[in-house]
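Here are a few exercises to work through with the model open. Try each task before you read its solution.

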Amino acid sequence: MFQQHARVCALALAVVLSGPARPAAAQPPAPSEPESEPAEPDAAPAIASDEDLPVLPETTVIGRAQPGGSPDTGYPAAGPVVSATRTPVRSGDVGSSISVITEEQIRAKGQTSVAEVLRGLPGVDVVQQGGPGRVSSVFLRGGSSEHTKVLLDGLPLNDPITPGRSFDFSTLSVDNIERIEILRGPQSTLYGSDAIGGVVNIITRRGQGRPSGRLGAMGGSFGTSHESASVSGSNCNFHYALSGSYFDTDGFSAADERLPGNTENDAFRLGTLGGRTGWTPYENFDVDFVFRYHRGTAEIDDGGGPFMDDPNERNFAEQAFARTQLRYATVDDLWEQTLAFNFADHNRRTIDPTDVLHPSDAFFSRFNSQLHMLDWQHNLLLLEGNTLTVGAVYADETGASSFAGESAFGPFEGDMPEQSLRNTGVYLQDQLSLGDRWFTTLGARQDHYSQAGTADTYRATSLYRLPGTETALRGSIGTGFKAPTLFQLFDAFSGNLGLLPEESKGWDVGLEQPLGQGRWVIGGTYFRNDFENLIDFDPSSFRFFNVGRALATGVELSSLYIVSPATSLIASYTYTRTRDRDTGLALLRRPRNKAGLTLNRLMFQGRGNLNLSAIYVDNRDDADFAVFPSRRVSVRHYILVNAAATYDLNRSWQLLARVDNLLDEQYQEVFGFGTAGISGYGGLNLLW
């Protein structure tokens, strides 16, 4: 073992001494040998590729799977994903509905926020209340935003002190992200509370090979600037990937400026630091550390609608996340385990002093919360093609809130002193595979919440690939739950200690079909989610209560066409029908029809890249909260077209440009809130 370790170190040292080289340009998978092209004028001499470097153990989750598609066709290689089973498996062998956004696709879009990157995916709705920095929500398959569990390398990001324990994507940048996995359908068996609609798992980049870095600067419309820096690398025992960025914009009015009385621009500033480091003293033991820190300030308005401008109302958000994980495997790899400690700290404040427009109104609030979580997972290779996963989770979340203000009716205030909730959960999952044709998972879980009691969930998935045609038939069924939040239970005015957990049951069936020797892959899925015991707010009694029942059904269609080794075309369509079973009305902010189209084209012998995307969002119902009681309204459909391009001046300098809302569409995502018209941005990257 020592000699093998020494050879790996010598190889890594030789590669480092061979000199720096710029990463290869991203391009779509090629099912056939591409035609030869003229050599790039500034091309560097060939050196050892990343495949030649020592492969460090994967420490996001235990286990390792090699990427690969069907061995009998030119079907594009299916890379490993971890969200579906908490172990790396090939995405093409997963019975669950999952989408993956790669680092190359993120860079091609040129966007700086995760919310913008998620737009247009099947079964995913992104809703933002105004411009950058305003509340950004993600809905999966008709569930609400608080039914989407958001993870960073397995670390839960959902804020325990928000009314619904939802996650606000407004402060989440794309810094240091390797890929994003979107897992649709109930996932509580592996991820516990909140995963009723699905999971968004963000996988950060880990350093590999010779040291490399990137400096970037961009500016454009609305007085926007964005600066970023990153560095990464590894040696025989240590890997690192560190990043930082600062985003600053003068913005536009959060309340739609096309409506009367909304003339003031609302600025936003966000600083982000993050990274992932690890130590591998032995081949079968390693330590992984992930951290991320956000601090942002957003100017906001009183709401959406006419005359909602507020010149001095601001939101402040500060978030810190950290995950430390130890991984150990036996020499024969028959047993592998991880022990992880997760920490999350959320601090939010709203400050709104009196002003000329609101001489008698003032409001101040503070929300603080923390999450401490232990996660112990074991993988046992029972037989070839049979892996048993057993895990246990202990989580403790605390939170406190306070608010005070003045109105025309006099002063008011309220406090929720620090409260805590504890959860203990155990889960079991069995993965079975027969050759490269049939893949099945069966799982069950039990959680016990200190206030909500016991919740039992299960999940089963299966995929079978037909010989000859390589048609993949898949299906899944599972249940989910969501425990009442700290705010819903303990808030001094609206809390209700008698609340029950929200529950869901969801299933789907679908297929994927490669055509044209793998150049074209089409897929379709039918899904159904039933929600019960939904927690709602009663404005008459000013309390939370269990009453809601809802249904979401629909169809998701997707298509990937490799036009040529330099050109790819991705299309998607989602039909979603939702219904509140108590009122018979459609759920708010869920469009019935949505479609997306993305064209990516490599140009100039690979030195340039062009990315065009178009999104269609159908009419949907919303609520006008500017009046009391609120009234139901309809928000008009829209088409949003974005373009992004990069051009490599040489091996070190890269130009980038982006145009958002190319057609200058006038639209609203949330009733009464503003969106940007046509806007442009440009910048420069330095790579080494």
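**Exercise 1: a pair of phenylalanines**

Phe252 has a relative accessible area of 7%, so Phe252 is buried (buried is under 20% relative accessible area, exposed over 50%, partly exposed in between, with a 1.4 Å probe and protein chains only). Before going on, note that this is a predicted model, where local features need pLDDT of at least 70, side-chain atom pairs count only at pLDDT 80 or more, and totals for chains, interfaces and linings use all residues. Residues are numbered from 1 along each chain as its sequence is written, and side-chain values use heavy atoms, with hydrogens and water left out.

Task: classify the ring pair of Phe222 and Phe252, and say which parts of the chain the pair ties together.

Solution. Start with the search of the whole structure, which turns up 18 aromatic pairs (rings of Phe, Tyr and Trp, the last by its six-membered ring, pair if their centres lie within 6.5 Å; planes under 30 degrees apart are stacked, over 60 edge-to-face, the rest tilted). For Phe222 and Phe252 the centres are 5.2 Å apart and the planes at 55 degrees, so call the pair tilted. Next, place the residues: Phe222 is in the loop between β10 (212-220) and β11 (224-234), and Phe252 in the loop between β12 (238-249) and β13 (268-282), so the pair ties together parts 30 residues apart in sequence. Strands here are DSSP runs of E, at least two residues long, and helices are runs of H or I, at least four, numbered from the N terminus. Last, check the cover: Phe222 has 29% relative accessibility and therefore counts as partly exposed.

**Exercise 2: Trp520 and Tyr561**

Task: work out whether the rings of Trp520 and Tyr561 are stacked or edge-to-face.

Solution. The centres lie 6.3 Å apart and the planes stand at 70 degrees, so the pair is edge-to-face. Trp520 belongs to strand β24 (residues 520-538) and Tyr561 to strand β25 (residues 543-564), so to speak distant parts of the chain, 41 residues apart. For accessibility, Trp520 comes out at 37%, partly exposed, and Tyr561 at 34%, also partly exposed.

**Exercise 3: around strand β27**

Task: sort the residues of β27 by face, then find the partners of β27.

Solution. Begin with the rule: in a regular strand the side chains alternate between the two faces of the sheet. In β27 (residues 593-603), the covered face has Lys594, Gly596, Thr598, Asn600 and Leu602, while Asn593, Ala595, Leu597, Leu599, Arg601 and Met603 are on the uncovered one. Now the neighbours (two strands pair if DSSP finds at least two bridges between them). Strand β26 (residues 567-580) pairs with β27 in the antiparallel sense over 9 bridges, with Ile570 opposite Thr598. On to β28 (residues 608-617): the pairing with β27 is antiparallel over 10 bridges, and Asn600 stands opposite Asn611. Finally, β27 and β28 make a hairpin with 4 residues between them, where Phe604 in the turn has a positive phi of about 55 degrees.

**Exercise 4: Asp159**

Task: is Asp159 buried or exposed, and which residues does Asp159 touch?

Solution. Locate Asp159 in the loop between β7 (155-156) and β8 (177-184). With 4% relative accessibility, Asp159 counts as buried. Leaving out residues up to four places away in sequence, Asp159 touches Arg165, Ser166, His346, Arg348 and Ser369 (contact means heavy atoms within 4.5 Å).
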